[in-house]
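Subject: Structure for your review

Hello,

I am passing on the structure we talked about. Please open it alongside the notes that follow.

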Amino acid sequence: MSGSAVPGTAPVTGGIRAQVKRQLARRVGSSPGEGATVLIYHRVGGGSPDELDVATADFAAQADLLAALPPGRVVSLDEATDRIEAGRRTPGVVLTFDDGFADVFENAWPLLRERRLPFTVYLASGHVGGEMRWEGSTAKAAGAPALSWEQLREMTASGLCTVANHTRTHARPELLTTAELDACNDEVEEHLGVRPSHYAYTWGVPVPHMEPALRARFRTAATGEVGRNNPGVDPVRLRRVPVRRTDPIDFFRAKLHGRLIPERAYARIVATAKAVGARA
């Protein structure tokens, strides 16, 4: 990435990962794939080197592409779920932000608000107003500020933001309990006046023995499995598509159209590199 006076704002310009992705994105068609493509973001402009921390300039370019899509293409998670339940295979894009980092409010929210783009925040409610830090966090190096309830109220009052459940403490999948789910729901309801109707598994890992509890509490539960969502998808096994710091704009554009061959090819390359001990 090129240098920048403001941490977290430098766009993707080069590097091996970006070069590989540019090659993978070539010759990808522009006609939209059927069903809902649910994008996963975590941080925007946080200034960390983590792959899940997207530079503000790159997010702005991505938001411009999203805003240029035909009306009805970028939809809320509830609208996408309505379409799936109604048996409709209408192409759609859903924006989601995991965890609840303050830089989402500081850097992504102004761009989303200006372009009137709906989005969902999967919130680890116990960190609100404090610091985001846990094993494997995108803030693992030094921690990072969390969203405040005031910031969440501003975003939800706009009608663009849906706040969903991501456990209270960002509990590891093997430690997921109904107490974690209910504590998050209770805190969101207390502070925002609405009870979450969607959930995202921490680390994107499904927890089969918790599925009855999830079905009783939520319309959907989102995994980290890459794919689109069409009628017949299990609502507690929604698929999503990650957005990473080194995604060139053409690679991101392929995701918007639901063309996931480049994404899957890149995942195979990373898996192979890790298997032989390379830094992926």
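Below are notes on its cavities and on one asparagine.

Please keep in mind that this is a predicted model.

Cavities

The count comes to two cavities of 30 Å³ or more.

The largest cavity has a volume of about 40 Å³. Its lining is made up of Gly35, Ala36, Val75, Ala80, Arg83, Ile84, Arg88, Thr90, Gly92 and Asn229. Sorted by class, these are four nonpolar, four polar and two charged residues. Helix 3, which covers residues 77–85, gives the most to this lining, with three residues.

For the second largest cavity, the volume is also about 40 Å³. The residues lining the second largest cavity are Pro32, Gly33, Gly35, Thr37, Arg73, Pro91, Gly92, Val93, Leu256 and His257. By class, that lining has four nonpolar, five polar and one charged residues.

Asparagine 185

This residue sits in helix 6, which runs over residues 178–192. Is asparagine 185 buried or exposed? Asparagine 185 counts as buried, because its relative accessibility is 2% and the cut-off for buried is under 20%. Apart from neighbours within four places in sequence, asparagine 185 is in contact with Asn165, Arg195, Pro196 and Phe218.

Regards

Technical notes:
Residues are numbered from 1 along each chain as its sequence is written. This is a predicted model: local features need pLDDT of at least 70, side-chain atom pairs count only at pLDDT 80 or more; totals for chains, interfaces and linings use all residues. Side-chain values use heavy atoms; hydrogens and water are left out. On a 1 Å grid over the protein atoms alone, a cavity is a set of points where a 1.4 Å probe fits but cannot get out, and a pocket is an open set with protein on both sides within 12 Å along at least five of seven lines; lining residues have an atom within 4 Å of a point. Grid points are joined across faces, edges and corners, and a volume is the space filled by probe spheres set on the points. Helices (H or I, at least four residues) and strands (E, at least two) are DSSP runs, numbered from the N terminus. Ala, Val, Leu, Ile, Met, Phe, Trp, Tyr, Cys and Pro count as nonpolar, Asp, Glu, Lys and Arg as charged, and the others, Gly among them, as polar. Buried means under 20% relative accessible area, exposed over 50%, partly exposed in between (1.4 Å probe, protein chains only). Contact means heavy atoms within 4.5 Å.
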